[in-house]
Amino acid sequence: MKEVEEELTEMHDAVSEYMSSVRRMQEASIRVHEVFAMLLREESEVPVQVLNAVKASRANKDWCSQQSEYAMLETVIRPAGERLKLFAALKAKENQRQQKLLDYDAYRSRLNAESTKNPDSEHVFKLQSKLDRARESVDLVTDEVVTKCVDIEHGEREMVEKAFSCFIACEAAVGERQCQSMNPLLLDLPKAAEAIVLINSRAV
C-alpha cells in the first residue's frame, strides 16, 4: 500500500510541476515579446506585428490559466489529491488498531498474572470481560482497515488511466492553442522563413 501511495504522490507532484512549468513558459513568452516590442519600436511606435505577438502571448497565458490549468486541476490534480486523503485516513485507522492491540495485550497480561494467583476471583472475571471487549474492538478496527484498503485499491488503475488521458488532452490543447495564435502572425513575418526551414530540416 505504501508503494501505491508513493506512486500516486509522484504522479500528483509531476503534473503539478508540469502546470507550473507551462505557467512559467507563458510568462517567459510574454517577457520575450515585450522585450522585442521595446527593441523594435520606431519613433515610440511598436510595429503592428510585434503588438499582435504581445497580445497573442498574453491571450495564451490567460487561456492556459482559465481553460487548460482548470481542466487539469479538475481531472488530474484534484482526483489524485482526494485519493491521497484516503491514505491519511488509513494510517490513522492503522494507528488506532495498533493502540487497540496494545490495550488487548495489556489486558491479556494482567489476566494471565491474576489467573495464576487467584483463578476464581471476581477480578479475573472482570479482566476476562475487558479482554473480550478489547478483542472485539481489535476485530472491529481491523475490519475498518481492510475496508479502507479495498476502497483505495478499487478503481486505482482506472483513475490513473483517466488522469493520463486527460493530461494528454490538456497538453495537446496547449500546443494547439499556441499554433492557432502564432501561425497567422507568420504571414506578416517573411524573415521567419529561415527558422521555419531549419525547423523542418530537423523534423523526424
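The largest cavity in this predicted model is lined by Tyr-18, Met-19, Val-22, Cys-64, Ser-68, Glu-69, Met-72 and Val-174. Helix H1 (2-40) and H2 are the elements that give two or more residues to this lining, and H2 supplies the largest share, 4 residues. By residue class, the lining divides into 6 nonpolar, 1 polar and 1 charged. Here Ala, Val, Leu, Ile, Met, Phe, Trp, Tyr, Cys and Pro count as nonpolar, Asp, Glu, Lys and Arg as charged, and the others, Gly among them, as polar.

Residues are numbered from 1 along each chain as its sequence is written, and side-chain values use heavy atoms, with hydrogens and water left out.

## Empty space

Rolling a probe the size of a water molecule over the atoms shows where empty space is left. On a 1 Å grid over the protein atoms alone, a cavity is a set of points where a 1.4 Å probe fits but cannot get out. A pocket is an open set with protein on both sides within 12 Å along at least five of seven lines, and lining residues have an atom within 4 Å of a point. Grid points are joined across faces, edges and corners, and a volume is the space filled by probe spheres set on the points.

The search of the whole structure finds 1 cavity of 30 Å³ or more. The volume of the largest cavity is about 40 Å³.

The largest pocket holds about 720 Å³ of space. Its lining is made of 22 residues, and Ala-53, Leu-186, Leu-189, Lys-191 and Ala-192 lie nearest its centre. The elements that contribute two or more residues to the pocket lining are H1, H2, helix H4 (156-182) and helix H5 (193-201). In this lining, 15 residues are nonpolar, 4 polar and 3 charged.

## Helix H2 and some of its residues

Helices are DSSP runs of H or I with at least four residues, strands are runs of E with at least two, and both are numbered from the N terminus. H2 has 70 residues and reaches 99 Å from its first C-alpha to its last, close to the 104 Å expected at 1.5 Å a residue. That expected span is 1.5 Å times one less than the number of residues. H2 bends by about 45° at Leu-73, the bend being the angle between axes fitted to the seven residues ending there and the seven starting there.

Trp-63 has its place in helix H2. At 21% relative accessibility, Trp-63 is partly exposed; buried means under 20% relative accessible area, exposed over 50%, and partly exposed in between (1.4 Å probe, protein chains only). Its C-alpha is separated by 15 Å from that of Ala-28, 35 residues apart along the chain.

Thr-75 is also found in helix H2, and is partly exposed at 24%. Thr-75 and Ile-199 are 124 residues apart in sequence and 34 Å apart in space, C-alpha to C-alpha.

Ser-181, in contrast, belongs to helix H4. Ser-181 is buried, with a relative accessible area of 16%. Between Ser-181 and Ala-56 there are 6.0 Å in space, C-alpha to C-alpha, and the two are 125 residues apart in sequence.

## Salt bridges

Side chains of opposite charge can pair when their charged atoms come close. Counting a salt bridge as a side-chain nitrogen of Lys or Arg within 4 Å of a carboxyl oxygen of Asp or Glu, a search of the whole structure finds 12 salt bridges. Three of them are set out here.

| Salt bridge | Closest N to O |
|---|---|
| Glu-17 and Arg-24 | 3.0 Å |
| Glu-122 and Lys-126 | 3.8 Å |

Glu-17 is partly exposed at 41% relative accessibility, and Arg-24 is partly exposed at 44%.

Glu-74 and Arg-78 both lie in helix H2 (residues 48-117), 4 residues apart, about one turn of the helix. An α-helix has 3.6 residues a turn, so residues three or four places apart point the same way. Glu-74 is partly exposed at 32%, as is Arg-78 at 40%.

Glu-122 and Lys-126 sit in helix H3 (residues 122-153), also 4 residues apart and separated by about one helical turn. Glu-122 counts as exposed at 58%, while Lys-126 is partly exposed at 46%.

Methods:
Predicted model: local features only at pLDDT ≥ 70, side-chain atom pairs only at ≥ 80, totals over all residues.
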